Amino acid sequence: MRDDNCIFCKIANGEIPSRTLYEDEEFRVIMDLGPATRGHALILPKEHYANLFEIPADTAARAMQVAKKVGTQIVEKLGANGLNVVQNNGECAGQTVPHFHIHLIPRYQDDGQHILWKPGKLSDEEMDAIRDQILADQES
Ligand code: AMP
Ligand code: ZN
């Protein structure tokens, strides 16, 4: 299914032009228009899924295969020193376009970006309680 009001549906399906780095039946990989670093790209499925919770598991798995292939190509061709693979779900997690996408962000020494989180610290009791909450009532 595609969503007529979704800009990433239009880009992924070629209705809006983009700088395409890779395309197959299911995905298009484009250059991000607001790049965090040189070579920042987005993997877009051609079908509309709002987020990780909606995308079928096998499609998500194939998206990760595309991440490996195109991410490696970007790093090698641009001489990057590393790569962040980022996938945001929900506004509070930084998602601004509600069409599933994976960011490929090549990293360079001293590129001035800060994509990692600030480490926290919880007590053993709090860690145990969180684990128990996640695992509660789980079918095994
Ligand atoms: P997120 O914040 O994870 O939803 O990421 C959305 C990303 O899409 C941002 O990095 C934007 O710079 C990028 N973006 C938004 N509109 C376009 C567009 N028309 N073409 C390419 N990238 C876009
Ligand atoms: Zn869409």
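Predicted model: local features only at pLDDT ≥ 70, side-chain atom pairs only at ≥ 80, totals over all residues.
**Close-up 1**

**Close-up 2. Polar contacts between the protein and ligand 1.** A polar side-chain atom of Asp-32 is placed 2.5 Å from an oxygen atom of ligand 1, while a backbone N or O atom of Leu-33 lies 3.2 Å from a nitrogen atom of the ligand. At Gly-34, a polar backbone atom is found 3.5 Å from an oxygen atom of ligand 1. Ligand 1 would expose 510 Å² if taken alone, and the protein buries 79% of that area.

**Close-up 3. The shell of residues around ligand 1.** Around ligand 1 there are 16 residues, of which Asp-32, Gly-94, Thr-96, His-101 and His-103 come nearest. Sorted by class, the shell comprises eight nonpolar, seven polar and one charged residues.

**Close-up 4. Secondary-structure elements that contribute to the shell.** The backbone N or O atom of Leu-33 that lies 3.2 Å from a nitrogen atom of ligand 1 is shown again here for orientation. Two or more residues of the shell around ligand 1 are given by each of the elements α1 (7-12) and β2 (27-31). With three residues, α1 gives the most to this shell.

Terms used
Residues numbered from 1 in each chain as written. Chains lettered and ligands numbered in written order. Heavy atoms only, no water. Near = heavy atom within 4 Å. Polar contact = N/O pair within 3.5 Å; in protein donor to acceptor, adjacent residues only side chain to side chain. Areas by Shrake-Rupley, 256 points an atom, 1.4 Å probe, with all protein chains shown as cover. Helix = DSSP H or I, 4+ residues; strand = E, 2+ residues; numbered from the N terminus. Nonpolar A, V, L, I, M, F, W, Y, C, P; charged D, E, K, R; others polar.
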